[in-house]
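Look at the sequence and the structure below.

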Amino acid sequence: MQKIRTELVIIGGSAGSLQVILDLVRGLERKLDFPIVLVIHRKAQSTSILQSLLQQFTDKKVIEIEDKTEIENDKIYIAPADYHLLFDSKTNLSLDRSEKHHFSRPSIDISFVSASQVYKENLLAILLSGANADGIYGLKYIKNNNGKIWIQDPETAEVDYMPRHAKEQVAYDLLINPEKLCININQLNI
């Protein structure tokens, strides 16, 4: 059986996920055959420091997404605060200001579903620490499209609500320990 290539890694997180993401970007070693997109709950604000913070820990280019951003392999993209992130195609992203979902904009569910519609079985979605149910519906949608799902082990999460409920409700491929997240991502498509 032919191994299915990962064409996009999308990571959703909320409360307690920042340290996991910092450790991940610090540990990315090789040139990646896919982009990584981060959909992180954060407060709407006029200036964002997340991009510059992450850039300090990696040689990979970290980009905060703007409307109609084109994505490329081996780069890290961040959904901006107060916008939903949508995938127009495998190379083009757009932003939306529709209603909040699970009290969040960006919504992990909305981005996961949109990514799954474009990437189908070539998508890997990872759900990290968080305090609400955002992401669970999106994970189910991805699984129905034969995408891969990793969930942070709730025992390792600073806020276990999101990964615990995902673990209970979704057929996941891997329960991931944050210390092994970068190792597993580095091994994709090898």
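Predicted model: local features only at pLDDT ≥ 70, side-chain atom pairs only at ≥ 80, totals over all residues.

Helix 4 covers residues 136–144 and helix 5 covers residues 161–169. Their axes come within 10 Å and cross at roughly 35°, and the crossing is right-handed.

The next topic is the aromatic rings. A pair of such rings is described by the distance of the centres and the angle of the planes. The model has 2 aromatic pairs. One of them joins F87 and Y119, with ring centres 6.1 Å apart and planes at 85°. Planes over 60 degrees apart count as edge-to-face, so this pair belongs to that class. F87 is part of strand 5 (residues 84–87) and Y119 is part of helix 3 (residues 108–119), so the pair ties together parts 32 residues apart in sequence. Are these two residues buried or exposed? F87 is buried because its relative accessible area is 6%, and Y119 is also buried, at 2%.

Y137 and Y141 form a tilted aromatic pair, with 6.4 Å from centre to centre and 45° between the planes. Both residues lie in helix 4, where they are 4 residues apart, about one turn of the helix. Y141 has a relative accessibility of 25%, so this residue counts as partly exposed.

A charge also sits over a ring: R97 lies over the face of Y83, 5.4 Å from the ring centre.

Notes:
Residues numbered from 1 in each chain as written. Heavy atoms only, no water. Axes fitted to C-alpha atoms, helices over the stretch in contact; angles between N-to-C directions. Helix = DSSP H or I, 4+ residues; strand = E, 2+ residues; numbered from the N terminus. Left-handed = near helix turned anticlockwise from the far one by under 90°. Phe/Tyr/Trp six-rings, centres within 6.5 Å; stacked < 30°, edge-to-face > 60°. Buried < 20%, exposed > 50% of the residue type's maximum accessible area, 1.4 Å probe, protein only. Lys NZ or Arg CZ within 6 Å of the ring centre and 35° of its normal.
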